[in-house]
Amino acid sequence: MDKAQTDSGTTKIRRVLVANRGEIALRIIRSLKRLDIESVLAVSTADRDSMGARMADRTVCIGPGRAADSYLKIGTLVQAALSTGAQAIHPGYGFLSERSEFARACEDNGLVFIGPTAEQIERMGNKLQAREIAQMAKVPITPGGPVESLGQALQAADEIGFPVLIKAVGGGGGRGLKRANTREELSKLFDLASAEALAAFGDGRVYIECFVTQGRHIEVQILGDGKQVVHLGDRDCSVQRRYQKLIEEAPAPDFPDDMRREVQAAAVRFAQHIGYRSAGTVEFLIDVQRKQFYFLEMNARIQVEHPVTELITGLDIVAEQLHIAQGNSLRLSQQDIHMKGHAIECRINAEDVENDFQPCPGRINEVQFPAMDGLRIDTYIEAGTMVPPFYDSMVAKIIAVADTRDEARRRLLDALAKVRIGGVKTNIRLHQAILRTPEFSAGGVDTGFLGRYLAQSAAADAEHKETSPT
């Protein structure tokens, strides 16, 4: 392994193993190519013929299609990097990107982990530790705390007031997360949430948190070099289904300037407190009724929705990650970062919306994406691509940018009308419907918006079927 040291003590990375798949793997490879850094793509047998495998300078097969047998095998990925002469590993998002043992294994084997330190990942992965850090950094947190038994949970909920959330200590993404509106519901859901947390994260501990009835999910993109931290503005990710994001935009619309500044400053303060290194996202819950914000968590990795930030700042976040990973200081001060325009992103998933959003793996027989000014397509699919059943159902991200939010929304609608994906069902029509609603058009929807919209649509469809002649 050739790891060139420069006079300043930084490390020159010449070859990177991309330990991921799909659109994020291609997106990382494109940045590597622009920076004249060789790419080695780790692929499962299901991805050997993928677009990413063709684009990478080299591929290495790491196992069968199931993620547990390939993309989640730390030892295999480390060995793949060492055997191909890579100096660094980029984990992308998902899979092992927030597993501290993966970052530590890289460090132990002389590999650069393109992300935060193993200790930082570990601290952010423990949601209770993250809450404690937020308190120390004087960042507001939601009322609540850890509980070890149902009795403690009931007592905490009585003190906080219903409804409450049961949340996993060891992770996020909606797993181990339950809402309880009454003591009876809490009694029924407590053990289930703990079991889900144990299955998903190997840690069955949970904590109780107050549930904000009308909340917005707003996050701040940050970059840190271990000493200094800057923010790249905020994003609104409130269009969610079962805590899974569907549409994201930057900057957050209809967000008071004073609170925007407070949230951005809080994100920087939090990251600065732990000497954060690399790209990361500090997430907040905005209590619309109380006009208060609370720390939710920090994602110690690049986010799915990072393109909206890139489009309004003109920055390449992956390139900044690589710059920092080589031991360099931030090359941008806060004064160097300027936001211009508005960007909106739709996650295109291969799923059957009318059948409870069931994933739809299969072979794609047609793909057409429009070529338009102000439009970015991040995807890994083409005609003939097999969407495997083993992984996340997202097949593309369509992102529009314009001078104003309404122009971006209209541009995105125009683009979605021209997209053709055949062979699998997708959620494109749902995106079109959401973008046309008066609530989304006005901006500033809360996290309950999509659930209400889907319930209203289902009720309207049922009424139409009942009144339609047979």
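Okay, let's start with the second largest pocket: 26 residues line it, and Val353, Glu354, Arg429, Leu430 and Asp461 are the ones nearest its centre. Before I go on, this is a predicted model, so local features need pLDDT of at least 70 and side-chain atom pairs count only at pLDDT 80 or more, while totals for chains, interfaces and linings use all residues. Residues are numbered from 1 along each chain as its sequence is written, and side-chain values use heavy atoms, with hydrogens and water left out.

So what do I mean by a pocket? On a 1 Å grid over the protein atoms alone, a pocket is an open set of points where a 1.4 Å probe fits, with protein on both sides within 12 Å along at least five of seven lines; a lining residue has an atom within 4 Å of a point. The volume here is about 810 Å³, taken as the space filled by probe spheres set on the points, with grid points joined across faces, edges and corners.

Which elements build the lining? β18 (351-352), β25 (420-422), α13 (428-436) and α15 (449-467) each put in at least two residues, and α15 gives the most, with six.

Next, the rings. Searching the whole structure turns up eight aromatic pairs; rings of Phe, Tyr and Trp (its six-membered ring) pair if their centres lie within 6.5 Å, and planes under 30 degrees apart are stacked, over 60 edge-to-face, the rest tilted. Take Phe95 and Tyr391: the centres are 6.2 Å apart and the planes sit at 85°, so this one is edge-to-face. How far apart are the two in the chain? They are 296 residues apart, with Phe95 in the loop between β6 (88-90) and α4 (100-108), and Tyr391 in the loop between β23 (386-387) and β24 (394-402). Tyr391 also pairs with Phe390, at 5.8 Å between centres and 65° between planes, so that is edge-to-face too. Ring pairs join Tyr71, Phe95, Phe390 and Tyr391 into a cluster.

Is Tyr391 buried or exposed? Buried, at 12% relative accessibility, where buried means under 20% relative accessible area, exposed over 50%, and partly exposed in between (1.4 Å probe, protein chains only). Phe95, at 27%, is partly exposed, and Phe390 is partly exposed at 40%.

There are charges over rings as well, meaning NZ of Lys or CZ of Arg within 6 Å of the ring centre and within 35 degrees of the ring normal. Arg21 lies over the face of Tyr380, 5.1 Å from the ring centre, and Arg405 does this over Phe440, at 4.6 Å.

On to strand β12 (residues 215-225). Eleven of its eleven residues are buried, so the rest of the structure largely encloses it. It runs antiparallel to β15 (residues 277-287), joined by eleven bridges; two strands pair if DSSP finds at least two bridges between them. In that pairing Arg216 stands opposite Ile286. β12 also pairs with β13 (residues 229-241), antiparallel over six bridges, and there Leu223 faces Val230. The hairpin of β12 and β13 has three residues between the strands, and Gly226 takes a positive phi near 95° in it.

Last topic, the backbone. Most residues other than glycine have a negative phi, and most peptide bonds are trans. Ser278, not a glycine, has a positive phi of about 95°; it lies in β15 and is buried at 1% relative accessibility. Lys291 also has a positive phi, about 55°, but Lys291 is exposed at 68% and lies in the loop between β15 and β16 (292-299).

And the cis bonds: Phe162 to Pro163 has omega of about 0°, with Pro163 in the loop between α7 (150-160) and β9 (164-168). Ala250 to Pro251 is cis with omega of about -5°, and Pro251 lies in the loop between β14 (244-250) and α9 (257-273).

Methods. Helices (H or I, at least four residues) and strands (E, at least two) are DSSP runs, numbered from the N terminus.
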